[in-house]
Amino acid sequence: GASWSTVEELTGPSSGDGWIVHQFDISDVMTPGDTVMLRFTVADCPNGSVTEAGIDAVSVVVIECEDDDGPPFVVHDGGVATRPYSGYVDPRRESDNGVDLNQGVDTLTVTFSEFVRNIGGADLDASAFTVLSTGAAAPAVDGVDASANPEVVLTLSGPLLPGSWYTAIANVEDTDANPIISEGDLGPGVNESDRVDIGFLPADVDQDGEVGPFDLLMFRQLVNEVVAPTEGAIADFADTDRNGEVGPFDLLSFRQLVNGVTPATQAWSGATLDAPRP
């Protein structure tokens, strides 16, 4: 109360005109803080002894704007949160009986930068995702588990088929209705904000898009921990029999894939992916 600043001077209504709302921004007058006081003074002008004032519902409102982190995007972190990671070529076996192409990636965990929903505000469901392929038939997204959103698990209608690249594209928005940015395909080696690229070529352990002698060398180096994968986990490359762990049978399974021995459906030696990474 050492000093006062006039906020506004009001001439009240005549009797019977009811309540009038007045408001002002404290920061226009002084720096807000815990030493600020509010004082009301009522006076006749001129002195007619007919002035009254009623004060009700005084409130101090703090308006804060949350930082908008921008539109959501797929977290590309090398296979830690989004699995399989974008750019991964699955080198594990494609069949458990040598006939049916019944083994391969059939679920995909996509982690977004923030909570996401369908465009328009509806709860996240399969309609928000599309799968494209460079050649083989692309599966549909059959189901979405968003219980841990922004980590979202997609269930595909079937496993990815060998020989092609597949791209899972998200068409989602955040809770502020900011849609994910779609820049399309930006070319090989680029992680786009709205999609994940996954290839499938059995025995392509070194991820170069062709099955050759260096795949066996890379397999041995990974199993013996001579090298570590730059992305993903060792099992993503060396668990060729898909039993959930890396062991002696994975080398046997790798040789079966290369030579076309059951449960391999063909000899994958010399095989290539049908296109570069999208």
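These notebook entries record what I looked up in the predicted model shown above.

**Ground rules.** I number residues from 1 along each chain as its sequence is written, and my side-chain values use heavy atoms, with hydrogens and water left out. Because the model is predicted, I take local features at pLDDT of at least 70 and count side-chain atom pairs only at pLDDT 80 or more, while totals for chains, interfaces and linings use all residues.

**Overall layout.** I looked up the secondary structure and found three helices and nine strands in the protein chain, where helices (H or I, at least four residues) and strands (E, at least two) are DSSP runs numbered from the N terminus. From the N terminus on, the order of the elements is β-β-β-β-β-β-β-β-β-α-α-α.

I then checked the dimensions: the radius of gyration of the protein chain is 32 Å, whereas a compact globule of 278 residues would have one near 19 Å. That radius is taken over C-alpha atoms, and the globule rule is 2.2 Å times the number of residues to the power 0.38. Along its principal axes the C-alpha trace spans about 110 × 35 × 30 Å.

For burial, I find that 35% of the 278 residues count as buried, meaning under 20% relative accessible area, with exposed set at over 50% and partly exposed in between (1.4 Å probe, protein chains only). For contacts (heavy atoms within 4.5 Å), I note that 68% of those between residues at least 6 apart in sequence join residues at least 24 apart.

**Nonpolar core.** I took a nonpolar core to be a set of buried Ala, Val, Leu, Ile, Met, Phe, Trp, Tyr and Cys residues joined through side-chain atoms within 4.5 Å. The largest one holds 41 residues, of which Leu108, Phe112, Leu124, Phe129, Leu154, Val172 and Leu201 touch the most other members. Strand 7 (residues 165–170) supplies the largest share of this core, four residues.

**Aromatic pairs.** My search of the whole structure gave four aromatic pairs, defined by rings of Phe, Tyr and Trp (its six-membered ring) with centres within 6.5 Å, where planes under 30 degrees apart count as stacked, over 60 as edge-to-face and the rest as tilted. Tyr85 and Tyr88 form a tilted pair, 5.5 Å centre to centre with 55 degrees between the planes, and both tyrosines are buried. Ring pairs link Tyr85, Tyr88 and Phe237 into a cluster.

Phe112 lies in the loop between strand 2 (107–111) and strand 3 (117–118), and Phe129 lies in strand 4 (residues 129–133), 17 residues apart. Phe112 counts as buried at 2% relative accessibility, and Phe129 counts as buried at 8%.

**Helix 3.** Which residues of helix 3 are buried? I list Asp250, Ser253, Phe254, Gln256, Leu257 and Val258, and their cover includes helix 1 (213–223) and helix 2 (235–238). Glycine 260 follows helix 3 and has a positive phi, near 80 degrees.

**Glutamate 183.** I located Glu183 in the loop between strand 8 (172–173) and strand 9 (195–200), where at 48% relative accessibility Glu183 counts as partly exposed. Glu183 and Trp268 are 85 residues apart in sequence and 34 Å apart in space, C-alpha to C-alpha.
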